[in-house]
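Hi everyone, and thanks for coming along. Please have a look at the structure on the screen, and then I'll walk you through a few of its contacts.

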Amino acid sequence: MVHALQQTHRILHPKGLLINVHDLPTPQVIEVHTHETVNKVGWLMVSEDFENERSALNALAQVVTDAYFILEDERDFSYNIYVDDLNELQKWLADSWTTAVLPDRITQRLEELIRDAGQSARIVLALQARMTKLRAALPE
């Protein structure tokens with residue numbers, strides 16, 4: 001990953017910007033929203049223990065340390081993914097997030113909350129990410 005960032009530095013205009021966005025290496029919260037309530041259900045885990053996310057953050061730190069880029073700003077933010085039911089969540093995970101692990105106990109709790117809430121319930125993945133603004137350092 002460091003090599004890819006070094007290559008990016010080579011093709012960027014001098015003092016050009018690189019904006020990098022990555023999910024943070026933390027379990028993502030699963031919630032059920034209705035018109036009246038927000039129920040926190042548990043966490044979505046990943047089978048690789050966030051190796052990709054940690055590698056990406058470490059690679060950014062390395063290219064700043066090696067003077068390829070200058071760190072200009074870094075901000076953490078939240079964003080949500082909404083699905084209408086458990087089947088849609090499971091399909092989305094199978095198609096888009098193959099390392100995600102939805103524990104059986106969490107699945108059971110989701111089923112209970114959705115059944116009790118009726119049609120107004122939506123499943124929400126409350127995700128955490130980091131945006132990093134880097135400026136290409138001038139070659140020495």
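Let me begin with a term: a salt bridge here is a side-chain nitrogen of Lys or Arg within 4 Å of a carboxyl oxygen of Asp or Glu. The general idea is that side chains of opposite charge can pair when their charged atoms come close.

Two notes on the source. What you see is a predicted model, where local features need pLDDT of at least 70 and side-chain atom pairs count only at pLDDT 80 or more, while totals for chains, interfaces and linings use all residues. Residues are numbered from 1 along each chain as its sequence is written, and side-chain values use heavy atoms, leaving out hydrogens and water.

So, how many salt bridges does this rule give? The count comes to nine.

Let's visit Glu72. Its side chain meets that of Arg135 in a salt bridge, 2.5 Å from N to O. Arg135 sits in strand β6 and Glu72 in strand β4, so this pair ties together parts that are 63 residues apart in sequence.

Strand β4 covers residues 69-83 and strand β6 residues 122-136, so the Glu72 and Lys133 pair ties together parts 61 residues apart in sequence.

Buried would be under 20% relative accessible area and exposed over 50%, with partly exposed in between, using a 1.4 Å probe and protein chains only. Lys133 is partly exposed as well, at 30%, and Arg135 is partly exposed at 24%.

Now for another pair: Asp84 and Arg122 meet through their side chains in a salt bridge, 3.4 Å from N to O. Asp84 lies in the loop between β4 and α3, and Arg122 in strand β6, so the pair ties together parts 38 residues apart in sequence. Asp84 counts as partly exposed at 46% relative accessibility, and so does Arg122 at 36%.

Next, the helices. Which residues of α3 meet α4? They are Leu86, Leu89 and Gln90, and on the α4 side we find Thr107, Leu110, Glu111 and Ile114, where contact means heavy atoms within 4.5 Å.

One last stop, at Asp49. Where is Asp49? Asp49 lies in the loop between β3 (38-46) and α2 (51-65), and is partly exposed with a relative accessible area of 48%. Asp49 and Pro27 are 22 residues apart in sequence, and their C-alpha atoms are 9.2 Å apart in space.

Terms used:
Helices (H or I, at least four residues) and strands (E, at least two) are DSSP runs, numbered from the N terminus.
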